[in-house]
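The sequence and the structure are shown first.

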Amino acid sequence: MDYDEIYRHGAAPWEIGGPQPALAAVLDRGVGGPRVLDLGCGTGELALALARLGLDVTGVDISPVAIDLARAKAADAGLAIHFEVDDATSLPAAEFDAIFDSGLLHNLHRENADATAAYLALLPTLAAPAATLHVLGVSAAAGGDWTMTEEFLRATFAEPTWTDTRVTDIEVFATVDGADLTMPGFLLTTVRKPPSVG
């Protein structure tokens, strides 16, 4: 998929003018910080919303066009957000207090098994002990080539690496050719299990 071309022509269906409603509700309840990572940040709508909460936000996307647009939005809003062009399957280890994935895993899962495995192996290395991870994606119940299931999410984000895993049925919003639509999806929330003491 040529993400640069999609962003260049304003044709990204996941760009809905703000965070996905299910993630906006997470933000309303409060996000642990201060360091927050938005993986596959696109043009930065979720990162902007996180930064408005006073959090130290990093947004990563593989598309230089998307990152340029995100940086321009942040500058216009007077928000200090670190945006970088990078591949989310090969980031250096870090310790973020909260991590958001709004639609990245579900695309990897339907397109590339090797990239999916690399991404899932990487996620624990980006999370501080007791960090919270939020993953939003379209469900296989949407049909077509969507492949993500609740069983896959629960098996993937399990002990001993992750704990307190919750998977909620949600609606995922999109805009296609000017028309708004919704698809069945999931919101996973889980916690990076701290190392055992003693």
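## Helix α4 and its surroundings

Directly after α4 comes G78, a residue whose phi is positive, near 70°. The model discussed here is a predicted one, and in it helix α4 runs over residues 64-77, with 14 residues in total. From its first C-alpha to its last the helix reaches 20 Å, which is close to the 20 Å expected at 1.5 Å a residue.

Buried positions in α4 are V65, A66, I67, A70 and A74. An α-helix has 3.6 residues a turn, so residues three or four places apart point the same way.

## The annotated region

The UniProt record, an unreviewed entry, carries the annotation "domain: Methyltransferase" for residues 36-117.

## T116 in helix α6

T116 has its place in helix α6, which spans residues 113-126. Is T116 buried or exposed? With a relative accessible area of 7%, T116 falls under the 20% cut-off and is therefore buried.

When residues up to four places away in sequence are not counted, T116 touches L105, L108 and H109. L104 lies 12 residues from T116 in sequence, and the C-alpha atoms of these two residues are 9.7 Å apart in space.

## The largest pocket

The largest pocket has a volume of about 880 Å³. Its lining is made up of 46 residues, and those nearest the centre are W14, S102, G103, L104 and N107. Two or more lining residues come from each of α1 (3-8), α3 (45-51), β2 (56-61), α5 (104-111), β5 (127-138), β6 (162-176) and β7 (179-192).

Which element gives the most to this lining? The largest contribution to the lining of the largest pocket is that of α5, with 6 residues. By residue class, the lining of this pocket divides into 27 nonpolar, 11 polar and 8 charged residues.

## The second largest pocket

For the second largest pocket the volume is about 160 Å³. This pocket is lined by 13 residues, of which V26, R29, H134, R166 and T189 lie nearest its centre. At least two lining residues are supplied by each of α2 (21-29), β4 (96-102), β5, β6 and β7, and the lining of the second largest pocket comprises 4 nonpolar, 6 polar and 3 charged residues.

Definitions and conventions
Residues are numbered from 1 along each chain as its sequence is written. This is a predicted model: local features need pLDDT of at least 70, side-chain atom pairs count only at pLDDT 80 or more; totals for chains, interfaces and linings use all residues. Side-chain values use heavy atoms; hydrogens and water are left out. On a 1 Å grid over the protein atoms alone, a cavity is a set of points where a 1.4 Å probe fits but cannot get out, and a pocket is an open set with protein on both sides within 12 Å along at least five of seven lines; lining residues have an atom within 4 Å of a point. Grid points are joined across faces, edges and corners, and a volume is the space filled by probe spheres set on the points. Helices (H or I, at least four residues) and strands (E, at least two) are DSSP runs, numbered from the N terminus. Ala, Val, Leu, Ile, Met, Phe, Trp, Tyr, Cys and Pro count as nonpolar, Asp, Glu, Lys and Arg as charged, and the others, Gly among them, as polar. The expected span of a helix is 1.5 Å times one less than its number of residues. Buried means under 20% relative accessible area, exposed over 50%, partly exposed in between (1.4 Å probe, protein chains only). UniProt positions are given in the numbering used here, feature names are shortened, and annotations may be inferred rather than shown by experiment. Contact means heavy atoms within 4.5 Å.
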